[in-house]
Amino acid sequence: MNVNAAPEMVTRPGRAVLSKQVQELGEWFHNIDLFGVPTAPQHFLGDFPNIKWKHIANSIPANLSGATVLDVGCNGGFYSIEMKKRGASRVLGIDVDDRYLNQARFAAATLGHDIEFQKCSVYNVDQIPGQFDFVFFMGVFYHLRYPLYALDKVITKVRHQLVFQTMLRGDESLHTSKDDYHFWDTKVFSEPGFPCMYFIEKKYAGDQTNWWIPNRSAAEAMLRSAGLKIVANPEFETWICEPQFAKTNGHYIHDAELEGTL
Ligand SMILES: C[S@@+](CC[C@H](N)C(=O)[O-])C[C@H]1O[C@@H](n2cnc3c(N)ncnc32)[C@H](O)[C@@H]1O
């Protein structure tokens with residue numbers, strides 16, 4: 001190699017080429033700014049997920065150098081890219097949808113970020129070796145038929161913090177559960193904010209994968225019940241949590257439940 005040679009000029013495709021490449025990757029859910037080319041300018045929620053991220057961003061360290069990040073249900077890679085921009089040493093985004101994975105790979109490569117994207121279901125996260133300092137589990141929970149099973153698995157991957165988001169519906173008040181209820185205490189289920197999950201038999205918002213939508217109390221109760229401590233709620237439906245009692249006698253809740261020893 002001639003070390004005196006001028007550094008290779010990185011040529012970026014022009015706007016028209018970039019726009020065409022973006023379109024060829026199908027409809028995007030994440031609006032990512034690729035050098036002035038927005039990937040989902042017509043998103044029904046606006047500039048998504050920037051509109052969410054601007055409330056969450058300050059709750060996560062600005063300098064992530066040396067940190068590892070797992071982004072479960074990474075979609076077009078918005079959160080993976082944001083974590084890489086903060087200097088994370090390793091970012092792994094997983095999703096089940098090839099279209100989204102291809103979009104994520106394209107967005108990261110276009111912006112010059114070295115991020116791994118793998119096809120992997122949340123139900124198989126335990127097959128990914130090791131733990132990650134930060135795990136994003138955003139916008140996936142309510143798309144699952146087995147949401148708590150997935151949450152209990154995701155927690156086994158969290159070394160430091162879980163960033164969790166779910167759609168919420170129903171009463172928004174926070175209900176404080178008693179330690180126990182009498183068998184005939186049936187009125188409690190009608191109390192405002194009593195933790196509940198709405199089951200969607202057909203579709204919600206035209207999407208047949210919206211299965212279980214919790215109210216606010218249920219979302220927080222499930223996070224606590226999974227052994228997490230809620231350390232921040234920077235945005236209405238997003239929580240930052242740390243593992244607290246996720247393991248008992250060396251066993252994760254997930255393992256104990258499946259063994260029938262919980
Ligand atoms: C509503 S999007 C949320 C995307 C992103 N995490 C966010 O918050 O903006 C749901 C994502 O979860 C992915 N997904 C659905 N089921 C999944 C599963 N079993 N394992 C991993 N990802 C899944 C979808 O393909 C989609 O990319």
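Modeller: In this discussion, helices (DSSP runs of H or I, at least four residues) and strands (DSSP runs of E, at least two) are numbered from the N terminus. By that rule the protein has seven helices and 13 strands. The model is predicted: local features need pLDDT of at least 70 and side-chain atom pairs count only at pLDDT 80 or more, whereas totals for chains, interfaces and linings use all residues. Residues are numbered from 1 along each chain as its sequence is written.

Biologist: Why is A88 called buried?

Modeller: A residue is buried if 20 or more other C-beta atoms, placed from the backbone, lie within 10 Å of its own C-beta, exposed if 12 or fewer do, and partly exposed in between. A88 has 24 other C-beta atoms within 10 Å, so the term buried applies. A88 is found in the loop between α3 (78-85) and β4.

Biologist: Which residues are in contact with A88, leaving aside its neighbours within four places in sequence?

Modeller: They are L64, A67, T68, V69 and M83. Two residues are in contact if their C-beta atoms, placed from the backbone, lie within 7 Å. F134 is 46 residues away from A88 in sequence, and the two C-alpha atoms are 9.7 Å apart.

Biologist: Is P13 buried or exposed, or in between?

Modeller: P13 has 14 other C-beta atoms within 10 Å, so it is partly exposed. P13 is found in the segment before α1 (15-24). From P13 to F35 the distance is 22 residues in sequence and 9.8 Å in space, C-alpha to C-alpha.

Biologist: How many of the 262 residues of the protein count as buried?

Modeller: The share that counts as buried is 34%. In β6, six of the seven residues are buried, and the strand is mostly covered.

Biologist: Which strands are joined antiparallel to β11?

Modeller: β7 is joined to β11 by four bridges and runs antiparallel to it; here L162 stands opposite C241. β10 is joined to β11 by five bridges, also antiparallel, and K229 stands opposite E242. A hairpin of two residues connects β10 to β11.

Biologist: Why is the sheet called open and its pairing mixed?

Modeller: Its seven strands follow the order β5-β4-β3-β6-β7-β11-β10, and the pairing is mixed. β5 (116-119) and β10 (228-235) each have a single partner strand, so one side of each is left without a neighbour in the sheet.

Biologist: Which residues of the largest nonpolar core touch the most other members?

Modeller: They are V72, V135, F137, V154 and L162, in a core of 55 residues. A nonpolar core is a set of buried Ala, Val, Leu, Ile, Met, Phe, Trp, Tyr and Cys residues joined through C-beta atoms within 7 Å. Residues up to four places away in sequence aside, L162 touches V135, F137, V154, I155, L228 and C241.

Biologist: How many residues surround the ligand, and which are the closest?

Modeller: There are 17, and the closest are G73, N75, D97, M138 and G139. A residue is near a molecule if its C-beta atom, placed from the backbone, lies within 6 Å of it.

Conventions:
Two strands pair if DSSP finds at least two bridges between them.
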